[in-house]
Amino acid sequence: MKTIYLAGGCFWGVQHFIDSANGVKETVVGYANGNTENPSYEQVRYFGTGHAETCKVVYDETVLPLRSIIKRFLEVIDPFSVNKQGGDEGIQYRSGIYYVDNDDIPVINAEIEKVENREHRKCAVEVLPLANFYSAEEYHQKYLEKNPNGYCHILSKF
């Protein structure tokens, strides 16, 4: 199993989207790459902890290659938007791909480069090593499964 962390605005939608892919074994939403230990949603939203709403994705690379995950992820978010996705605005809604395996960097960069070359502009998706990740509160986990009419800008299935 491999792990990648995806920040694409609303973590509910990223989780719901990724969960629909064959080969995904586990997802957890939470807060990544911020400067506060174990923040709450309220801290992330209102008190500038620097975290991004992120979905941890554990997947079977023999079934679902990272290239496919990154390609589809970049299709369902706006990879050019800074600190905003859909109706959500703020640093916590920035786009990012956070890796734990340095071998993933060339794959991630190649998919971003394809988008940039096609659109003739630079993506705003940050590509960084995972510095930290804290699981979000239980009510955020699988939120759109529990609340099918909940708001999210990501409506697509993998």
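Buried means under 20% relative accessible area, exposed over 50% and partly exposed in between, with a 1.4 Å probe and protein chains only. By that cut-off, seven of the eight residues of strand 3 (residues 52-59) are buried, so the strand is largely enclosed by the rest of the structure. This is a predicted model, in which local features need pLDDT of at least 70 and side-chain atom pairs count only at pLDDT 80 or more, while totals for chains, interfaces and linings use all residues. Residues are numbered from 1 along each chain as its sequence is written, and side-chain values use heavy atoms, with hydrogens and water left out.

- Six strands form an open sheet of mixed pairing, in the order 7-6-1-3-2-8; strands are DSSP runs of E of at least two residues, helices are runs of H or I of at least four, and both are numbered from the N terminus.
- Strand 7 (126-129) and strand 8 (133-135) are the edge strands, each with a single partner strand, so one side of each has no neighbour in the sheet.
- From one strand to the next, the twist averages 35°.
- Strand 1 (residues 2-8) runs antiparallel to strand 3 and is joined to it by five bridges; two strands pair if DSSP finds at least two bridges between them.
- Tyr-5 has Lys-56 of strand 3 as its bridge partner.
- Strand 2 (residues 24-32) is also antiparallel to strand 3, with eight bridges, and Val-24 stands opposite Tyr-59.

**Nonpolar cores**

- The largest nonpolar core has 39 residues, and among those that touch the most other members are Ile-4, Leu-6, Val-57 and Leu-74.
- Such a core is a set of buried Ala, Val, Leu, Ile, Met, Phe, Trp, Tyr and Cys residues joined through side-chain atoms within 4.5 Å.
- A second, separate core of seven residues includes Tyr-5, Val-28, Ala-52 and Tyr-98.

**Helix packing**

- The axes of helix 1 (residues 11-19) and helix 3 come within 11 Å and cross at roughly 135°; axes are lines fitted to C-alpha atoms, for helices over the stretch in contact, and angles run from 0 to 180 degrees between N-to-C directions.
- Val-14, Phe-17 and Ile-18 of helix 1 meet Ile-69, Arg-72, Phe-73 and Val-76 of helix 3, where contact means heavy atoms within 4.5 Å.
- Helix 4 (residues 105-119) lies across strand 1, strand 6 and strand 7, at about 160° to strand 6.
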